[in-house]
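I opened the notebook to record what I looked up in this model, entry by entry. The entries follow the order in which I went through it.

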Amino acid sequence: MDFSLTEEQQLLQDSINQFIEREYTFDDRKKFLDSEKGFNEENWKTFGSLGWLGMPFSEDDGGYNGGPVDVMVIMENLGKGLIVEPYVPSILLSGKILADQGSDDQKSNYLHPMISGEKIITFAYIEPQSRFTLSDCLTKATASDNGFVLDGYKALVHNASASDTLIVSARTSGSQCDEKGISLFLVDTNAKGVSLRNYSTIDGGKASELTLENVSVSRESLLGEMDEGFTAIDDAIDLATLGICAEAVGIMGKMNEMTLEYTKTREQFEQKLSQFQALQHRMVDNFMHYEQSKSLLVMCAAKMNDNTEDKKKALASLKYQIGLSGKHIGEESIQLHGGMGVTDEMHIGHYFKRLTTIRTLYGNSDYHLSNYASL
Amino acid sequence: MYNDVVYFALNYRGVLMNLSFSKEDQEFQQEVRSFIEQNYPSEIKEKQDQGIPLSKEDTVKWHKILNDKGWLAVNWPEELGGTGWTITQKHIFQNELAAANTPTLMPFGVNMCGPVIYTFGSDEQKEFHLPKILNGDIWWCQGYSEPGSGSDLASLKTKAEKKGDVYVVNGAKTWTTLAQHADWIFCLVRTDGSGKKQEGISFLLIDMKTPGVEVKPIITIDGTHEVNMVYFDNVEVPVTNLVGEEGFGWSIAKFLLAHERTGIAGIPSLKRELDRLRDITTQIQVGEGSLKDDAMFMSKLDRLEIKLTAAEYTELRTLAAMSAGGHPGPESSILKILGTDLQQELSDLFVEAVGYYAHPFMTEEDLASNESRIGPDFAAPVMPHYLNYRKVSIYGGSNEIQRNVIAKAVLGL
């Protein structure tokens with residue numbers, strides 16, 4: 001048994017931390033958030049040149065053959081810096097789908113430029129009624145003379161406005177919640193009939209509600225086999241779930257650090273807050289939540305290539321725990337900061353908001369607990 | 001910029017963290033399994049599986065079987081009779097013992113007094129005591145807590161006054177587990193009352209047969225006699241029974257507490273018991289189905305299982321860090337809290353599972369008797385166990401004390 005990072009993974013971790021220290025102060029971050037795209041394109045290109053964008057992909061696909069542990073290292077450290085660049089929607093979701101399902105042409109037109117940082121591609125699969133059920137898909141694709149016509153509505157499409165291309169899930173056969181009958185399509189964001197209603201999300205991100213009205217796409221836009229898109233969606237969401245859980249662990253570690261620092265500075269009743277035993281024990285509980293989450297994260301990263309049931313069970317355990325610990329650490333950190341914790345000025349609240357959205361993303365604790373029970 | 005990572009970007013080789021067992025480890029696992037199958041006495045196994053309390057003889061018997069194989073003092077240095085196993089092997093061994101439901105061995109000799117003696121003791125102490133601990137010839141108990149000294153252990157008052165070549169010991173120890181069976185007791189005693197309270201404490205080995213030692217039972221809320229008061233009335237102890245220097249007792253106590261906390265989580269047994277509870281839910285009738293159909297109950301069980309997995313991997317991470325850096329540190333405090341929380345929650349879920357049949361008062365004698373039990377067999381030990389396990393968050397440094405330790409040593413508060 002070995003839990004240690006390789007020298008190269010250590011180096012990867014160091015490079016991310018250096019980047020955050022030099023290029024991603026909170027003032028920098030605020031500027032990125034306030035820009036039209038909601039993140040900084042130069043950063044994204046830097047990520048590409050440093051190899052972070054290609055990490056999860058095979059050498060043949062232009063990547064670095066990284067595994068789940070490498071994804072964990074990247075996301076945990078991006079979490080510490082509260083990075084808003086679209087690593088999850090573009091690399092872990094769309095990239096994974098393209099790598100698994102893409103034809104050679106599709107890979108060279110979409111995946112390769114994505115890995116180099118030139119193209120951003122997001123994944124549109126959530127629908128207003130689908131909640132966390134991945135097979136719930138009402139958006140329809142009908143075969144036409146030249147290809148397909150797409151009609152429907154997708155919710156919470158992250159970074160859609162900054163994306164060149166969307167991967168859209170649509171039903172080509174079967175009924176609303178059937179796993180079979182879902183197909184995936186590459187759709188140009190500027191195509192006729194595509195309209196986006198853009199908004200900011202509470203965690204500093206950008207997302208859109210997407211309406212597809214009579215959108216014509218070519219036959220070559222079909223990604224993977226017709227009717228068989230579900231497994232690709234499921235696999236991509238699994239990888240992204242590992243990713244956001246690692247991000248959450250990075251965030252929780254950072255929040256604990258910031259809270260400790262704050263209580264060591266702030267004085268009340270002629271004492272540092274950190275000297276009150278009632279508060280000390282609560283910070284110990286936060287620390288234990290962090291350790292439990294980190295343990296399940298490490299376990300899950302190591303089990304991502306195991307057989308499906310072991311992997312699913314590990315993911316369900318992890319995401320359940322992240323929901324639980326995210327709530328605990330998030331709320332306690334704000335409370336321990338007192339009134340300052342609810343101000344926009346303090347960093348803690350921004351970490352809290354991202355952690356809170358992660359609790360719901362790809363299924364909340366209840367959803368994953370019931371997944372766990374069904375395995 | 002970022003020149004240091006160019007190498008990385010060009011030459012990256014992702015390596016998967018390896019948490020699986022090697023071929024050698026799998027063979028070792030098989031070896032342990034077959035050993036247990038061939039050597040675990042059936043009459044002890046039967047008692048264990050039915051929740052019948054074991055006698056001292058049962059426990060000693062299993063102790064000797066492991067010792068004959070050389071598998072008793074797992075953590076001792078190899079030259080003193082330890083195994084020299086890797087952390088993975090130790091992990092496998094503990095898991096296999098727990099899965100087979102073998103008796104829990106008394107920790108006081110092998111895990112506590114032994115390491116103290118081989119680390120701090122004199123050559124004479126090592127020669128006399130270590131073989132007897134391994135053989136199970138001497139049964140040890142632990143004299144730490146006193147009526148006035150619980151969590152504030154350093155305030156202890158049991159006095160040892162040096163008179164010629166003996167210490168004269170006066171005072172009282174409490175919560176002494178299984179002192180009624182013990183041959184020797186290791187004690188923290190006060191040899192100096194003048195300075196800082198931690199500095200005047202010494203570590204003394206006392207033969208229980210010495211005149212002036214008296215053991216009185218304390219009956220706990222589960223109705224059992226597990227713990228005792230031990231009184232010392234002018235007990236004369238040879239000065240050669242002092243371990244280390246006078247005043248060195250507190251350092252030894254801290255050394256021991258760290259050792260005690262790692263095993264205290266009891267994760268392998270928790271896994272076995274949780275599986276057993278899952279199995280029991282299919283045997284408990286509810287209407288036309290079983291408790292297994294009760295989603296509310298099963299959800300609590302699932303949550304507990306995830307918490308257990310988190311604790312298991314926290315322990316593995318701690319062990320891995322330890323193998324790199326030596327002794328267990330304050331991290332073991334986390335395991336004590338996590339493990340004992342789980343033990344208590346699981347004992348409560350058992351009570352909840354069996355419903356009304358947790359109510360009949362089953363004494364140790366009832367459990368051991370041949371008469372059929374009231375209610376299902378699995379229900380009888382459940383409530384005594386729940387009651388007994390209130391102790392786990394209190395002993396070994398209460399969980400509040402553990403939080404103090406983490407706050408100070410890990411969080412730097």
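**Domains of chain B**

I began with the centres of domain 2 of chain B and domain 3 of chain B, which, taken over C-alpha atoms, are 31 Å apart. The model is predicted, and local features need pLDDT of at least 70, side-chain atom pairs count only at pLDDT 80 or more, while totals for chains, interfaces and linings use all residues. Residues are numbered from 1 along each chain as its sequence is written, with chains lettered from A and ligands numbered from 1 in the order in which they are written.

I looked up the bounds, and the domain assignment of chain B gives domain 1 as 23–105, domain 2 as 140–247 and domain 3 as 265–410 (such bounds come from an automatic or database domain assignment).

**Helices in chain A**

I noted 11 helices and 10 strands in chain A (DSSP runs numbered from the N terminus, helices being H or I with at least four residues and strands E with at least two). I then took helix 7 (residues 230–265) of chain A and helix 9 (residues 308–336) of chain A, which pack at an angle of about 25 degrees with their axes 10 Å apart (axes are lines fitted to C-alpha atoms, for helices over the stretch in contact, and angles run from 0 to 180 degrees between N-to-C directions). That angle makes helix 7 of chain A roughly parallel to helix 9 of chain A (angles under 35 degrees count as roughly parallel). Among the residues that meet, I listed Leu242(A), Cys245(A) and Met252(A) in helix 7 of chain A, and Leu318(A), Ile322(A) and Ile329(A) in helix 9 of chain A. By class, this contact of helix 7 of chain A with helix 9 of chain A has 10 nonpolar, 7 polar and 2 charged residues.

**Between the chains**

Finally, I looked up the interface, where 34 residues of chain B are in contact with 40 residues of chain A. Helix 10 of chain B gives the most to the side of chain B that touches chain A, with 12 residues, and by class that side has 23 nonpolar, 6 polar and 5 charged residues.

Methods
Angles under 35 degrees count as roughly parallel, over 145 as roughly antiparallel, 65 to 115 as roughly perpendicular and the rest as oblique. Two residues are in contact if their C-beta atoms, placed from the backbone, lie within 7 Å. Ala, Val, Leu, Ile, Met, Phe, Trp, Tyr, Cys and Pro count as nonpolar, Asp, Glu, Lys and Arg as charged, and the others, Gly among them, as polar.
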